[in-house]
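Thanks for coming. I will take one chain today, starting with a term we need and then going from single residues out to the whole fold.

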Amino acid sequence: MNESREMILSTAPGTASGKRSLFVSILAVGSTLVAASCATLTGPSRHAIGAPPTAIGAEAATFASASGSTIHAWFAQGRPHGGAVLLLHGVHANRLVMLDRARFLHASGYTVLIPDFQAHGESPGDHVTFGALESLDASAALAYLHERVPGERVGVIGVSMGGAAALVGPRGPLAADAFVLESVYPTIREATRDRLRAWLGPIGPSLTPALLRLVGSSIGVVPDSLRPIERIGRVAAPVLVAAGTADRYTTIRESRALFDRAASPKEFWAVAGAGHVDLHDYAPAEYERRVSAFLGRWLRGAAPAEIAAATVNAEPASR
């Protein structure tokens, strides 16, 4: 009886042993959460996609990437001199999520290319790398698009990781003629912290360093190399940054900071009430109006001299 009482007292929260036991328990839970989060974040997201969409006259395309993957994509030819758009999906998604964007762009005469990043959709790969290897896929896709429609100005629409991939390549941002960057994280550290806070509450951010170390060692990527905010200023083309005001994964403040680092000409669209969601699906009419106007100006209208001389156009928040 006394022995049992002493054991209970020795592990009670107010005792030194109890505090040590609580600390060990918290560490164990934290380690489990970090390991589970790493597996969830870095695991491949492979899926069968199906036949190319006949509504836009798309055809299946494959091309090699320096990531080591063979990239699977859909290509749909637009009208001559109508411009071309490369559509880059987000993390753990695939080209299907970009199809609605491709439909309205193709209906407007643009040539479109919609690839699956490595380790996504039908493109082989072992790990999701949050823009590191995917940047090599984006570069390969842009090269393929230039081969198919030589002489066309090319715009890029990059969603979340897709936008990061357009910026963080080893040779710098893609050499495109216009960029639409949706919900793009400024640094992988902030992206990880924001997600852990959203998933786990107040304890989440404290696990950020451990998760980044584990993720980095798992995928062979130095986390500090994934900093789009340090690359966006090197983009030599007009930029439209779009972000949801209720986004918990990439906050509106972080999106504003990314926008502030971009060179002119640039535009900002704060999508009122939107989270880290498909912005086209959330506000389709406004999305198509804004993106069509932006791409139409820079891929079809403005001459290079006008692009160089353009001024900042930061628009107020609206839906």
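When I say contact, or that residues touch, I mean heavy atoms within 4.5 Å. This is a predicted model, where local features need pLDDT of at least 70, side-chain atom pairs count only at pLDDT 80 or more, and totals for chains, interfaces and linings use all residues. Residues are numbered from 1 along each chain as its sequence is written, and side-chain values use heavy atoms, with hydrogens and water left out.

Start with valine 91. Leaving aside neighbours within four places in sequence, valine 91 is in contact with His120, Val128, Phe130 and Met161. Valine 91 sits in the loop between β4 (84-88) and α3 (99-107). Helices here are DSSP runs of H or I with at least four residues, strands are runs of E with at least two, and both are numbered from the N terminus. The cut-offs are under 20% for buried, over 50% for exposed and partly exposed in between, with a 1.4 Å probe and protein chains only. Glycine 131 is 40 residues away from valine 91 along the chain, and their C-alpha atoms are separated by 8.8 Å.

Now serine 67, in the loop between β2 (59-64) and β3 (70-76). Serine 67 counts as buried because its relative accessibility is 17%. Not counting residues up to four places away in sequence, it touches Gln118, Leu133, Leu136 and Asp137. Between serine 67 and leucine 136 the C-alpha distance is 5.7 Å, although they are 69 residues apart in sequence.

Next, the cores. A nonpolar core is a set of buried Ala, Val, Leu, Ile, Met, Phe, Trp, Tyr and Cys residues joined through side-chain atoms within 4.5 Å. The largest one has 56 residues, and Leu86, Leu113, Phe130 and Phe179 touch the most other members. Helix α4 (residues 132-148) provides the largest share of this core, six residues. A second, separate core has 32 residues, including Ala76, Leu105, Ile114 and Trp298. In soluble globular proteins, nonpolar side chains tend to be buried together.

On to pockets. On a 1 Å grid over the protein atoms alone, a pocket is an open set of points where a 1.4 Å probe fits, with protein on both sides within 12 Å along at least five of seven lines; lining residues have an atom within 4 Å of a point. Grid points are joined across faces, edges and corners, and the volume is the space filled by probe spheres set on the points.

The largest pocket holds about 520 Å³. Its lining has 31 residues, and Gly90, Val91, Ser160, Arg195 and His276 are the closest to its centre.

Of its 16 lining residues, Ser135, Ser139, Ala140, Arg171 and Leu174 lie nearest the centre. Helix α4 gives the most to this lining, six residues.

Finally, the whole chain. It has eleven helices and eleven strands, and 51% of its 319 residues count as buried. Among contacts with a separation of 6 or more, 74% are between residues 24 or more positions apart.
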